[in-house]
Amino acid sequence: EIQRLGLDLFNQSPGHGVAFLVATGVVPDYPMNINKFLFAVDVDPERYADFLASECSLAQTLRLEFLNALPLLGTGVVGALRVAFRELAVPRDWQQLDRLTKGISHFWWQQHSEEDEL
């Protein structure tokens, strides 16, 4: 019941929902665990994408963890966008979309640069 309450809160106010879920012990306070949990349960995908793309410091941390975990190696520009937006809804706000695409390009470049070093 606490989990459902936290998810309802997330769908209304994502930052408050995450804080509630962590404070009540529903999910451990680690970005990877929070992202995995939110993907495994029934949160509104548009709210999740909007939250990840927001300027909130918690959202920035979760965004970096999410994007770092994407398998972008061996993709091109369009392929990388497909990988990312298969997992997330595309934000309607241009600034949020810009934050996500900058992050995608950063991690795409990082993964391809690491391959070149090997």
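This is a predicted model: local features need pLDDT of at least 70, side-chain atom pairs count only at pLDDT 80 or more; totals for chains, interfaces and linings use all residues.
Reader: Why are H1 and H4 called roughly perpendicular to each other?

Author: Their packing angle is about 65°. Roughly perpendicular covers 65 to 115 degrees, so H1 and H4 qualify. The two axes are 9 Å apart; each axis is a line fitted to C-alpha atoms over the stretch in contact, and the angle, from 0 to 180 degrees, is taken between N-to-C directions. Helices here are DSSP runs (H or I, at least four residues; strands are E, at least two), numbered from the N terminus.

Reader: Which residues of H1 and H4 meet?

Author: On the H1 side they are Phe10, Asn11 and Gln12, and on the H4 side Arg47, Tyr48 and Phe51. Meeting means contact, that is, heavy atoms within 4.5 Å.

Reader: What makes H2 and H3 roughly perpendicular?

Author: Helix H2 (residues 14–23) and H3 cross at roughly 110°, with axes that come within 12 Å. The angle falls in the perpendicular range, so H2 and H3 get that label.

Reader: How many aromatic pairs does the structure hold?

Author: There are five. To pair, rings of Phe, Tyr and Trp (its six-membered ring) need centres within 6.5 Å; planes under 30 degrees apart make a stacked pair, over 60 an edge-to-face one, and the rest are tilted.

Reader: Why is the pair of Phe39 and Phe66 called stacked?

Author: The ring centres are 5.6 Å apart, so they pass the distance limit. The planes of Phe39 and Phe66 lie at 10°, under the stacked cut-off, so the pair is stacked. Phe39 sits in helix H3 (residues 31–40) and Phe66 in helix H5 (residues 57–68), 27 residues apart, and the pair links these distant parts of the chain. Phe39 has a relative accessible area of 34%, so it is partly exposed, whereas Phe66, with 7%, is buried.

Reader: And what makes the pair of Trp108 and Trp109 tilted?

Author: Here the centres are 6.1 Å apart and the planes are at 40°. That angle belongs to neither the stacked nor the edge-to-face range, so the pair is tilted. Trp108 is partly exposed at 24% relative accessibility, and Trp109 is exposed at 58%.

Reader: Which residues form one aromatic cluster?

Author: The cluster is made of Phe10, Phe39, Tyr48, Phe51 and Phe66.

Reader: How do you know that Asp8 forms a salt bridge with Arg4?

Author: A salt bridge needs a side-chain nitrogen of Lys or Arg within 4 Å of a carboxyl oxygen of Asp or Glu. The closest N and O atoms of Asp8 and Arg4 are 3.2 Å apart, so the pair meets the rule. Both residues are in helix H1 (residues 2–12), four residues apart, which means a separation of about one helical turn. In total, four salt bridges are counted.

Reader: What makes Glu46 and Arg92 a pair that ties together parts of the sequence?

Author: Their side chains meet in a salt bridge at 2.7 Å, N to O. Glu46 lies in helix H4 (residues 45–52) and Arg92 in the loop between helix H6 (77–87) and helix H7 (94–117), so the parts tied together are 46 residues apart in sequence. Glu46 is partly exposed at 38%, while Arg92 is exposed at 68%.

Reader: Why is Glu55 called exposed?

Author: The relative accessible area of Glu55 is 59%, over the 50% limit, so Glu55 is exposed. Glu55 also forms a salt bridge with Arg99, at 3.4 Å from N to O. Glu55 is in the loop between H4 and H5 and Arg99 in helix H7, so this pair ties together parts 44 residues apart in sequence.

Notes: Residues are numbered from 1 along each chain as its sequence is written. Side-chain values use heavy atoms; hydrogens and water are left out. Buried means under 20% relative accessible area, exposed over 50%, partly exposed in between (1.4 Å probe, protein chains only). Angles under 35 degrees count as roughly parallel, over 145 as roughly antiparallel, 65 to 115 as roughly perpendicular and the rest as oblique.
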